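Dear colleague,

I am handing over the structure below, and after it you will find my notes on what turned up when I went through it. Please read them with the model open beside you.

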Amino acid sequence: MIADSIAKYLQSLNVGKINKDIFIDFQPDEPDDCITIYNGSAPVLEESNGLNIDNAGIQILIRDNNYNNAKLKAQNIYSYLIALSGDIEGSLITFIEIETYPHSLGKDEKSRNEFSMYFNVRYENLTLNRI
């Protein structure tokens, strides 16, 4: 799914390493400082009914013991992803748009700072019966 491609892209920018401090669809309790990318839903595009274009959602959750570090990571990830297009780690992304800007969720049960943002990702998805 699209979160895998986004995770690989962020890893290529040295934001983190997959399964070390970048996780997909599941956030472990450790490490304290990490990024989790969740596959989500997005509005179905009218053209998805006949063309090979789909729309997916991704939520990105940043957790860090230091508030300023969490905020900076969120801002950097936002900058890397907004309006991104091209062949991104095996997914032909035509456009990424922001649904919710980076914002603080406060602290989790272990007093770690959390930030979240949500994107809609338009991408080509070849299937048997679509052009």
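Asp29, Asp32, Asp108, Lys110 and Arg112 are linked in a network of salt bridges, a salt bridge being a side-chain nitrogen of Lys or Arg within 4 Å of a carboxyl oxygen of Asp or Glu. This is a predicted model, in which local features need pLDDT of at least 70 and side-chain atom pairs count only at pLDDT 80 or more, while totals for chains, interfaces and linings use all residues. Residues are numbered from 1 along each chain as its sequence is written, and side-chain values use heavy atoms, with hydrogens and water left out.

Five salt bridges are present in the structure. In one of them the side chains of Asp29 and Lys110 meet at 2.4 Å, N to O, and this pair links distant parts of the chain, since Asp29 sits in the loop between strand 1 and strand 2 and Lys110 in the loop between strand 5 and strand 6, 81 residues apart. (Helices, H or I of at least four residues, and strands, E of at least two, are DSSP runs numbered from the N terminus.) Arg112 meets Asp32 at 2.9 Å, N to O, and it also forms a salt bridge with Asp108, where the closest N and O atoms are 2.8 Å apart. Arg112 is buried, with a relative accessible area of 1%, whereas Asp32 is partly exposed at 25%; here buried means under 20% relative accessible area, exposed over 50%, and partly exposed in between, with a 1.4 Å probe and protein chains only.

The sheet is an open one of six strands in the order 1-2-3-6-5-4, with mixed pairing, where two strands pair if DSSP finds at least two bridges between them. Its edge strands are strand 1 (22–24) and strand 4 (86–88), each of which pairs on one side only. Strand 1 runs parallel to strand 2 (residues 34–40), and three bridges join them; Phe23 has Thr36 in strand 2 as its bridge partner.

Finally, Thr100 lies in strand 5 (residues 91–107) and is partly exposed, at 33% relative accessibility. Leaving aside residues up to four places away in sequence, Thr100 touches Met117 and Tyr118, contact meaning heavy atoms within 4.5 Å. Thr100 and Tyr118 are 18 residues apart in sequence, yet their C-alpha atoms are 5.0 Å apart in space, and the side chain of Thr100 reaches the backbone nitrogen of Tyr118 at 3.1 Å.

Methods
Polar contact = N/O pair within 3.5 Å; in protein donor to acceptor, adjacent residues only side chain to side chain.
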